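Here is a set of questions and answers about how the terms used for one model follow from its values.

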Amino acid sequence: MSFPKNVLNDSGIIHPPGFYIIGFQTLPFINVYFIFLAFVYVVTVMFNSLVIFTITSNRSLHTPRFLAVVNLAVIDVILNTSTIPAMIKIFLFKDNFVPFNICLVQMFVFYSFGTLESFALAVLAYDRLIAICFPLRQNSINTLRSMSCIVGLCWCFALSICVFSTCIMTRLSFCSSLKVFSYFCDYTPVYRLDCNDYTLQWFAAFVLSSLILAGPFGFIVLSYIIILVTVFRMKSLDSRVKALATCVEHLIIVAAFYIPLLTIFSMDIHLHTSDPDQRVLSLSLASCIPPCINPIVYSLKTKEIRTRALALVRECKINMERYRKACVRVLATTLCLVCEIENHS
């Protein structure tokens, strides 16, 4: 493989024209996996768009809880859009060269919205915490304005730390290999290609990954400890069941997001035996599947969304039937006119 010529900028730092993504080299039938990912991407966009449209078009759903759900749906669409189309292009169509600047953009988008995904799950845990532990003060504590501020702060923080971590990648010099063993322009595999000292990048990756995973996950665990203590203090069994039932969909998506990632990282730390291709496959599944599952879980488990979504589907069917009948009438009228003209002639 011949590499394009590197670019030396004014500060003496060598930037290559781009990188070659070379994951999934030993896995059989890998093309089937990328066809599956294409299906996952279609489902992600369709169901998250349905959730977003259902909530935004119904004023009765303009509440703090559903603002947090819409926030998660938007993040899910952008997160999978940043990886799956590029993976299909790279591995299914064998076009694995990614220009340097595009690589940094993909890195920034993926980690920004991966961070926001983690924060969004913590925001939903906060919503459940207030609803169950402070039911009488919920409307005064968790207002639409306060939830908007929390979501806005999460976006500002996530984008800021990812801008910093991406910008410091431009201080590295790449003078040897340009092969990135991953499924996208991954942060750690890229900075390890540097020919000089990448201590700052390593430190940023370690601290920020700990912060964006351990911080929200710790908050979620603490929230549910407080929720369980509050629930078991309730006198009525029905009240306990109803309170816990409102947390089911959130617990499912938390498990789908954190358990695979924590399992993979724990195996890397303690076993050191994971096959590189198996690790890349596991990480790609762990990052691509939760955005597909989240809207399905909320659509099926949340009564308000399910009811409104079914109403929208019925309206679409009625409108399609009306459109079909109108087309038939126009066609019949046109044919009658044509017949009359032919008879007169």
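Q: What makes two residues a contact here?
A: Contact means heavy atoms within 4.5 Å. Thr54 touches Leu61, Ile305, Arg308, Ala309 and Leu312, residues up to four places away in sequence not being counted. The model is a predicted one, where local features need pLDDT of at least 70 and side-chain atom pairs count only at pLDDT 80 or more, while totals for chains, interfaces and linings use all residues. Residues are numbered from 1 along each chain as its sequence is written, and side-chain values use heavy atoms, with hydrogens and water left out.

Q: Why is Thr54 called buried?
A: Buried means under 20% relative accessible area, exposed over 50%, and partly exposed in between, with a 1.4 Å probe and protein chains only. Thr54 has a relative accessible area of 0%, so Thr54 is buried. Of the 345 residues of the chain, 42% count as buried.

Q: What makes residues 30–56 helix 1, where Thr54 lies?
A: Helices (H or I, at least four residues) and strands (E, at least two) are DSSP runs, numbered from the N terminus. Thr54 lies in helix 1, which spans residues 30–56. By this rule the chain has 12 helices and five strands.

Q: Which backbone oxygen does the side chain of Thr54 reach?
A: The side chain of Thr54 reaches the backbone oxygen of Leu50 at 2.6 Å. A polar contact is a pair of N or O atoms within 3.5 Å; within protein, one must be able to donate a hydrogen and the other to accept it, and residues adjacent in sequence count only if both atoms are side-chain atoms.

Q: Why is Gln106 called buried?
A: Gln106 has a relative accessible area of 10%, so Gln106 is buried. Gln106 is placed in helix 4. A polar atom of the side chain of Gln106 lies 3.1 Å from the backbone nitrogen of Cys185. Among the residues that Gln106 touches are Ser82, Thr83 and Phe184.

Q: Why is Ala243 called buried?
A: The relative accessible area of Ala243 is 9%, so Ala243 is buried. Ala243 lies in helix 9 (residues 237–245) and touches Ile132, Val231 and Met234, not counting residues up to four places away in sequence.

Q: What makes strands 3 and 4 partners, and how many bridges join them?
A: Two strands pair if DSSP finds at least two bridges between them. Three bridges join strand 3 (residues 18–21) to strand 4, and the two run antiparallel. In strand 4, Val98 is the bridge partner of Phe19.

Q: Why do strand 4 and strand 5 stand at the edges?
A: Three strands form an open sheet in the order 4-3-5, with mixed pairing. Strand 4 (97–99) and strand 5 (179–180) each have a single partner strand, so one side of each is left without a neighbour in the sheet. Helix 4 (residues 100–133) lies across strand 3 and strand 4, at about 85° to strand 4. Such angles run from 0 to 180 degrees between N-to-C directions, and the axes are lines fitted to C-alpha atoms, for helices over the stretch in contact.
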